Amino acid sequence: MARDPIPGSSASSPYDNPVSPETSAGQIVGKKLKSRHVTMIALGGIIGASLFVGSANIIIAAGPAATLSYLAGGMIVFLAMRMLGEMAAARPAVGSFMEYARVGLGDWAAYIVGWLYWYFWVGVIAYEAVVGGGMIAEWFPAVPAWVGSLVLLAIFVTTNLVSLRSFGETEFWLASIKVVAIVVFLAAGLLFAFGLWPGSSISIPNLWEHGGFMPNGFGVVISSIALVLFAYFGAEIAVMAAAESEDPAKGIRQAANTVIWRVMLFYVGAVLVIVTVVPWNELPPPDEIAPFAYVFSLLGIPGAEAIMTLVIFTAVISVLNSGTYSASRMFAALSEQRLAPAIMSKRSKRGVPVFAVLASTAGGLVATLVNFIAPSSGIYDFIMNSTGLVALFVFVFIAVTQWRLRLAMTPEQRAALTLKVWMFPVLNVLLIAAAIGIVFIMLGTESGRAQVLTSFIAVGALAIFWPIVRKNLRRARAEGVIEPEPEPTPIG
């Protein structure tokens with residue numbers, strides 16, 4: 001089923017490639033996500049425990065200049081989202097960047113980036129299940145952590161299996177809690193910083209006192225960007241969800257256009273409040289108390305630590321919910337193009353790719369059980385480390401794909417785009433260069449080198465299976481099961 005050409009153009013566009021009914025946003029069966037679901041997924045999609053807890057590590061390392069690390073990382077994400085938004089607004093697809101990589105670069109690109117993305121979220125599912133199970137065990141000592149992890153996996157596989165709308169409704173309320181918590185934190189923190197909170201005095205000098213704004217040098221600020229970037233990964237979920245909404249074009253434009261202020265408000269704003277209210281060298285490590293809870297305790301809010309623990313738990317299960325959604329939708333999209341087993345694209349009457357949801361959860365379950373059964377085997381650590389470069393791989397594929405598809409368009413088609421990347425292709429080059437630079441920065445640390453090495457091992461494993469997948473693709477095309485591969489457009 002071919003999409004109509006871009007309005008205002010009589011010629012075919014690189015986006016006018018055949019797309020299966022399952023992938024086409026307009027053909028998703030069952031109830032679609034409402035605008036409020038997409039809005040809250042866009043708002044809360046990037047808010048995880050990495051903000052509520054992990055931000056402390058970056059602040060302790062970089063001082064008040066941690067705000068620059070979060071700002072720089074946010075700009076990289078914004079560029080990637082803008083490029084993804086341009087493609088998605090022209091052709092909404094649940095497979096998102098995987099589908100665009102297939103159209104712009106070929107089957108091999110879709111295979112690599114799609115499977116890496118699925119693998120990443122399977123690892124996230126396991127990680128969040130382990131963390132959530134540990135929190136439940138702290139509250140209820142009689143319940144083993146592994147039991148809590150299995151219960152959480154069961155809850156959110158059910159949520160995703162029931163219907164698309166049940167996923168959206170669950171994520172709407174979980175994201176709402178996170179957003180409210182941050183808004184309250186920002187408002188109270190600003191009052192405290194300006195001496196307007198009861199018992200407070202102006203604390204803004206904390207930004208340059210205690211060794212200066214950049215106490216540990218510029219190098220630490222740059223190296224921290226690599227850590228920050230992975231905290232932002234998940235912003236693209238809003239674009240995937242928008243493709244299954246009642247108004248895909250509106251949802252995609254909203255997700256792409258608002259990511260910059262969401263980053264500025266939720267991450268840069270929150271970190272700025274923390275380093276303003278608390279001297280950076282007095283901030284406790286996150287294993288003692290989360291930075292948000294520590295700031296709330298300084299404000300004299302009763303039960304601050306208990307409240308923030310609940311908010312952090314909400315963030316954990318929210319990521320578990322959205323991770324199950326993301327992994328299953330990518331698995332289904334891969335299946336539709338015969339880059340994964342055909343059964344994974346089968347949908348229920350309510351439009352849910354049931355087998356993809358079950359398989360993705362099963363992958364997370366295996367990794368979770370490995371953590372509890374054989375913690376010293378190193379398998380769980382390998383899975384966590386080997387997803388380290390996925391964000392950078394995805395961003396580079398997005399930049400290159402958008403570049404090639406834009407070059408394949410006529411001037412009239414470019415003018416008709418409803419969402420457009422500025423300064424083309426300068427920003428594409430900038431994004432690719434930034435990703436390569438971050439890899440080199442990661443190679444400078446022991447943990448970073450481990451992530452780079454294991455990530456390339458994962459890519460190598462995928463490459464080994466590519467000849468088999470390509471053979472199946474050719475057979476499927478010969479039998480007319482799927483459309484011919486689009487011809488990639490050379491750059492230049």
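Me: Which residues is Leu 339 in contact with, once its neighbours within four places in sequence are left aside?

Reply: In this predicted model, Leu 339 is in contact with Met 98, Asp 107, Ala 110, Tyr 111, Trp 115, Leu 334, Trp 466, Val 469 and Leu 473, its neighbours within four places in sequence being left aside.

Me: Where does Leu 339 stand in the largest nonpolar core?

Reply: The general idea is that, in soluble globular proteins, nonpolar side chains tend to be buried together. Here the largest nonpolar core has 157 residues, and Leu 339 is one of those that touch the most other members, a group that also holds Phe 52, Tyr 117, Phe 185, Phe 292, Val 394 and Phe 395. Apart from that core lies another, made of six residues, including Val 130, Ala 367, Val 370 and Ile 383.

Me: How should I read charged side chains, and how many salt bridges does the count come to?

Reply: Side chains of opposite charge can pair when their charged atoms come close. In this structure the count comes to seven salt bridges, and one of them joins the side chains of Glu 86 and Arg 406, with an N to O distance of 2.7 Å. Because Glu 86 lies in helix H4 (residues 66-90) and Arg 406 in helix H16 (residues 390-407), the pair ties together parts that are 320 residues apart in sequence. Both Glu 86 and Arg 406 are buried.

Me: Which residues are linked in a network of salt bridges?

Reply: The network links Glu 244, Arg 329, Glu 336 and Arg 347. Within it, the side chains of Glu 244 and Arg 329 meet at 3.0 Å, N to O; Glu 244 lies in the loop between helix H10 (237-242) and helix H11 (248-277), while Arg 329 lies in helix H13 (residues 304-336), so this pair ties together parts that are 85 residues apart in sequence. Arg 347 forms a salt bridge with Glu 336, where the closest N and O atoms are 3.9 Å apart, and these two residues, Arg 347 in the loop between H13 and helix H14 (354-373) and Glu 336 in helix H13, are 11 residues apart.

Me: Is Glu 244 buried or exposed?

Reply: Glu 244 counts as buried because its relative accessibility is 0%, and the cut-off for buried is under 20%. Arg 329 is likewise buried, with a relative accessible area of 1%, and Glu 336 counts as buried at 6% relative accessibility.

Me: What surrounds Thr 454?

Reply: Thr 454 lies in helix H19 (residues 446-478) and is buried, with a relative accessible area of 10%. Leaving aside neighbours within four places in sequence, Thr 454 is in contact with Phe 382, Asn 385 and Ser 386.

Definitions and conventions
Residues are numbered from 1 along each chain as its sequence is written. This is a predicted model: local features need pLDDT of at least 70, side-chain atom pairs count only at pLDDT 80 or more; totals for chains, interfaces and linings use all residues. Side-chain values use heavy atoms; hydrogens and water are left out. Helices (H or I, at least four residues) and strands (E, at least two) are DSSP runs, numbered from the N terminus. Buried means under 20% relative accessible area, exposed over 50%, partly exposed in between (1.4 Å probe, protein chains only). Contact means heavy atoms within 4.5 Å. A nonpolar core is a set of buried Ala, Val, Leu, Ile, Met, Phe, Trp, Tyr and Cys residues joined through side-chain atoms within 4.5 Å. A salt bridge is a side-chain nitrogen of Lys or Arg within 4 Å of a carboxyl oxygen of Asp or Glu.
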